[in-house]
Amino acid sequence: MTRKMWMRGTVAAVSAAAMLTLAACSSEQAPSGSSEETASGEEEMAEGDDVISIGFSQVGAESGWRAANTKSIQDTLTAENGFDLSFSDAQQKQENQIQAIRSYIAQGVDVIAFSPVVESGWDPVLQEAQAADIPVILTDRAVDSQDDTLYESFIGSDFVLEGEMAGEWAVEQYDGEGYKMVELQGTTGSAPAIDRKEGFAAAIEGSDIEVIDSQTGNFTRTEGKQVMEGFLQKYDDIDLVFAHNDDMGLGAIEAIEAAGMVPGEDIKIITIDAVKDGMQALADGKINYIVECNPLLGPDLAEIAQKVVAGEEVEKRIVVEDLAFDQEAAAEALPDRQY
Ligand code: GZL
Ligand code: ZN
């Protein structure tokens with residue numbers, strides 16, 4: 001069984017369990033903390049103490065991926081599913097996330113969850129949560145804490161694998177043509193930026209694809225466009241752009257077209273996320289390949305939070321499965337995409 005098949009199995013099992021739990025809650029036995037139809041048909045709220053209060057600190061609203069991720073969390077951690085969600089947007093600033101986590105500790109929530117904007121600098125606030133006996137769940141991005149007792153579980157994609165998948169396709173398609181590549185990195189210090197860069201570089205090792213420049217566009221379309229404009233002024237031969245997310249790739253497309261060139265042809269583009277705007281550009285031939293990063297983490301988070309609060313064992317690492325799309329696959333998949 002290959003690594004991916006194993007992961008596929010694990011992920012499928014976890015996701016199915018998550019859906020079953022939630023489905024059971026919403027149909028037969030409504031979960032604690034939600035209104036129940038009584039025999040007489042009146043609605044009666046179960047005692048408040050059954051509700052799971054959860055504080056969630058979100059990175060920001062920097063990209064289409066983030067919007068889809070936020071929607072999945074807010075659509076799942078609802079009152080009828082037995083949650084009382086406090087949600088905060090950190091505008092991509094670590095100090096805002098630390099402040100939010102401290103406020104959830106002061107609130108005495110049952111569980112804290114967050115997507116760490118960068119990998120480092122979390123131990124002090126996570127130790128405060130541990131001292132307050134409040135379990136923490138990581139979603140989407142990882143922390144580099146040496147002490148993994150500081151969080152119960154980390155649910156997210158394998159970003160190194162995403163980078164490898166993107167790089168392997170680039171080698172398959174373009175090796176031997178002396179391609180010059182520029183890289184639009186995600187947020188400096190974030191797990192996806194560090195790992196996607198690492199995975200892609202490993203995959204192109206030994207090919208003749210040459211990385212002539214690499215700069216952060218902070219996962220946003222605006223900054224991706226600005227950095228690409230700079231690259232186009234600086235270099236007269238760019239054959240390939242690897243952007244760590246669709247939004248920066250879409251910004252690069254604007255810059256390439258403004259320079260009178262054809263994205264997807266004069267300059268090839270490979271991105272990661274597979275959000276709707278990216279998939280549309282791929283189907284339109286302006287992007288050449290996209291590796292998906294599934295943002296729909298709400299159901300897994302809900303299932304893990306319920307287990308943690310119930311004192312059950314949870315997997316320390318839950319790897320979310322990612323697919324990949326070329327232009328033809330994107331055109332076929334677009335109508336059914338959920339994000
Ligand atoms: C990846 C996530 C990244 C996305 C970007 O899981 O953290 O952050 O790839 C988003 O679009 O901004
Ligand atoms: Zn060239």
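Modeller: Two residues are in contact when their heavy atoms lie within 4.5 Å. Helices (H or I, at least four residues) and strands (E, at least two) are DSSP runs counted from the N terminus. This is a predicted model, in which local features need pLDDT of at least 70 and side-chain atom pairs count only at pLDDT 80 or more, while totals for chains, interfaces and linings use all residues. Residues are numbered from 1 along each chain as written, chains are lettered from A and ligands numbered from 1 in written order, and side-chain values use heavy atoms, without hydrogens or water.

Colleague: Thanks! Which residues of α8 does α7 meet?

Modeller: On the α7 side, the contact uses Arg-221, Gly-224, Lys-225, Met-228, Glu-229 and Leu-232. Their partners in α8 are Asp-247, Met-248, Leu-250, Gly-251, Ala-252, Glu-254, Ala-255 and Ile-256.

Colleague: How many residues of the contact of α7 with α8 are charged?

Modeller: Let's sort them by class: Ala, Val, Leu, Ile, Met, Phe, Trp, Tyr, Cys and Pro are nonpolar, Asp, Glu, Lys and Arg charged, and the others, Gly among them, polar. The contact of α7 with α8 has 7 nonpolar and 2 polar residues, and the charged ones number 5.

Colleague: How is α7 set against α8: roughly parallel, roughly perpendicular or oblique?

Modeller: The axes, lines fitted to C-alpha atoms over the stretch in contact, with angles from 0 to 180 degrees between N-to-C directions, cross at roughly 45° where α7 (221-234) and α8 (246-258) come within 7 Å. Since under 35 degrees is roughly parallel, over 145 roughly antiparallel, 65 to 115 roughly perpendicular and the rest oblique, this angle makes α7 relative to α8 oblique.

Colleague: Is the crossing of α7 and α8 left-handed or right-handed?

Modeller: The hand is left if the near helix is turned anticlockwise from the far one by less than a right angle, and right if clockwise. For α7 passing α8, the crossing is right-handed.

Colleague: At what angle do the axes of α5 and α6 cross?

Modeller: Helix α5 covers residues 159-174, and its axis comes within 6 Å of that of α6. The crossing is right-handed, at an angle of roughly 35°.

Colleague: And how many residues in the contact of α5 with α6 are nonpolar?

Modeller: Among the α5 residues there are Phe-159, Val-160, Ala-166 and Val-171, and among those of α6 there are Pro-192, Phe-200 and Ile-204. The contact also has 3 polar and 6 charged residues, whereas the nonpolar ones number 10.

Colleague: What does α2 meet in α10?

Modeller: The axes of α2 and α10 (298-309) come within 8 Å and cross at roughly 45°, so α2 is oblique to α10. This crossing is right-handed. The contact divides into 4 nonpolar, 3 polar and no charged residues. Ser-72, Ile-73 and Thr-76 of α2 meet Gly-298, Pro-299, Leu-301 and Ala-302.

Colleague: Where does Gln-92 lie?

Modeller: Most residues other than glycine have a negative phi. Gln-92, not a glycine, has a positive phi of about 60°. Gln-92 sits in the loop between β4 (83-89) and α3 (94-107).

Colleague: What phi does Phe-219 have?

Modeller: Phe-219 belongs to the loop between β9 (210-216) and α7. Although Phe-219 is not a glycine, its phi is positive, at about 65°.
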